[in-house]
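These are my notebook entries on a single chain. I record what I looked up, entry by entry.

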Amino acid sequence: MAAIGKDIDQAAAILQMGGLVAIPTETVYGLAANAFDSEAVVKIFATKNRPAFDPLITHVANSDQLAPLVSYMPAVARQLMQAYWPGPLTLVLPKTHLMNDLVTSGLPTAAFRQPRHPLLQQLLSIVDFPLVAPSANPFGYVSPTTPQHVEAQLGDKIDYILDGGPCQIGVESTIVGFEGEQPVVLRLGGLPVEDIEKVAGKVMVKPHSTSRPQAPGMLESHYAPQSCRVIVGELPPLIKKYKHDRIGILSFSRKYADYPNFVLSERGDLNEAASRLFSALRWFDRQQLAYLLAEPVPDTGLGRAINDRLRRAAT
Ligand code: TXA
Ligand code: MG
């Protein structure tokens, strides 16, 4: 089993030697390697069982580290960085030859973010390379938001889990790409679209199932518990329909005492709901259910990312 601890010098030493370390971020835990070490990058894909056509996000310490990796920066990308970095915003930008093709699955662009978690910022400041890090879960499963989630699934495959406590935001970063100068949201996530629009004006939202749309639709079904089917909709009619099966109820703020029930936020707070969502999906996976009935949350702020993850869990 991987050691869990707060020792950033040990984490740095493992990364320098080409090993893998699970790292805390403000969104979800990542599985990190030296972005410039091809063998270590290959190990990430193997450890997660991730297809090579699904590119990785590169985590940078600051914009100085970013500059040589990017060949063109739209003005609005710079404004978004100034407003929201460090934070849960990933920018997809044209890359230079310094970016490894294994990281980007051969695409001409690469995805970058400067994370906000203090322990990870310290780690990035002592290693002299950026860190590639996908979410630290087997491919297709729910992202981890605690060190224990990582240990349960990848503990026997990685060297060290850096313990930064539970993730504050709880859903992955918002990914923004550019069509010319025009920003496009490619994945709903921890930075609300409303915040992006404050800086960039109205943006298009085109959530992609994969950066290679011709790949066999595999990435649509994601974030899914393995032991039950997820059905999203209004709860009272769903409960009526499925009440003779073993059902669990994922509700936003109301309690459903007659069934295994996880309430995302009793006070109806979307930020709290986001931070608890993936723990809830993991909890239901242990309840031996036939169906998990989940209601959509209000579709604003982080609610949009929550609804996106529920929809994908149900695919
Ligand atoms: O919050 C997060 O973003 C977390 C933490 C660890 O930083 N990371 C994360 O990584 O969610 P991952 O690998 O689970 O998701 C990254 C997504 C991929 O689905 C990929 O399609 C997209 O980023 N991506 C990466 N490079 C891209 C590119 N050049 N163009 C379009 N999409 C890209
Ligand atoms: Mg992931």
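**Entry 1. A cut-off to begin with.** I call a residue exposed when its relative accessible area is over 50%, and buried when that area is under 20%. The model I am reading is predicted. I located Gln-288 in the loop between helix 10 and strand 15 (291-294). Its phi is near 55°, a positive value in a residue other than glycine.

**Entry 2. Another positive phi.** I then looked up Asn-49, where phi is near 60°, again positive although the residue is not glycine. Asn-49 sits in the loop that runs between helix 2 (38-48) and strand 4 (57-59). Its relative accessibility is 63%, so Asn-49 also counts as exposed. I noted as background that most residues other than glycine have a negative phi, and that most peptide bonds are trans.

**Entry 3. A cis peptide bond.** I checked the bond between Trp-85 and Pro-86 and found it to be cis, with omega at about -5°. Pro-86 belongs to the loop between helix 4 (75-84) and strand 5 (89-94).

**Entry 4. The chain as a whole.** I counted eleven helices and 15 strands in the chain. The radius of gyration is 19 Å, close to the 20 Å that the globule rule gives for 315 residues, so the chain is as compact as a globular protein of that length. I read the span of the C-alpha trace along its principal axes as about 60 × 45 × 35 Å. Of the 315 residues, 58% count as buried. Among contacts between residues at least 6 apart in sequence, 66% join residues at least 24 apart. The chain exposes about 13,100 Å², of which carbon and sulfur atoms supply 51%. I found 29 positive and 30 negative side chains, with the centres of the two sets 7 Å apart.

**Entry 5. Confidence.** The pLDDT of the chain averages 94, and 95% of the residues score at least 70. Over residues 213-218 the pLDDT is below 50, and beyond near neighbours in sequence this stretch has four contacts in the model. Where pLDDT is low, the predicted coordinates should not be read in detail.

Entry 6. Leaving aside neighbours within four places in sequence, Val-21 is in contact with Ala-11, Ile-14, Leu-15, Gly-30, Leu-31, Ala-32, Tyr-160 and Leu-162.

Entry 7. Glu-26 lies in the loop between strand 2 (21-23) and strand 3 (30-34). At 2% relative accessibility, Glu-26 is buried. Beyond four places in sequence, its contacts include Arg-113, Arg-116, His-117 and Cys-167.

Entry 8. I found Thr-104 in helix 5 (residues 101-104), buried at 1% relative accessibility. Outside four places in sequence, Thr-104 is in contact with Pro-55, Lys-95, Met-99, Thr-109 and Ala-110. I then turned to Ala-273 in helix 10 (residues 270-285), which is buried with a relative accessible area of 0%. Not counting residues up to four places away in sequence, Ala-273 touches Phe-252, Leu-264, Ser-265 and Ile-306.

Methods:
Residues numbered from 1 in each chain as written. Chains lettered and ligands numbered in written order. Predicted model: local features only at pLDDT ≥ 70, side-chain atom pairs only at ≥ 80, totals over all residues. Heavy atoms only, no water. Helix = DSSP H or I, 4+ residues; strand = E, 2+ residues; numbered from the N terminus. Rg over C-alpha atoms; globule rule 2.2 N^0.38 Å. Buried < 20%, exposed > 50% of the residue type's maximum accessible area, 1.4 Å probe, protein only. Contact = heavy atoms within 4.5 Å. Areas by Shrake-Rupley, 256 points an atom, 1.4 Å probe, with all protein chains shown as cover. Lys, Arg positive; Asp, Glu negative; His and termini not counted. Charge placed at Lys NZ, Arg CZ, Asp CG, Glu CD. pLDDT = per-residue confidence, 0-100.
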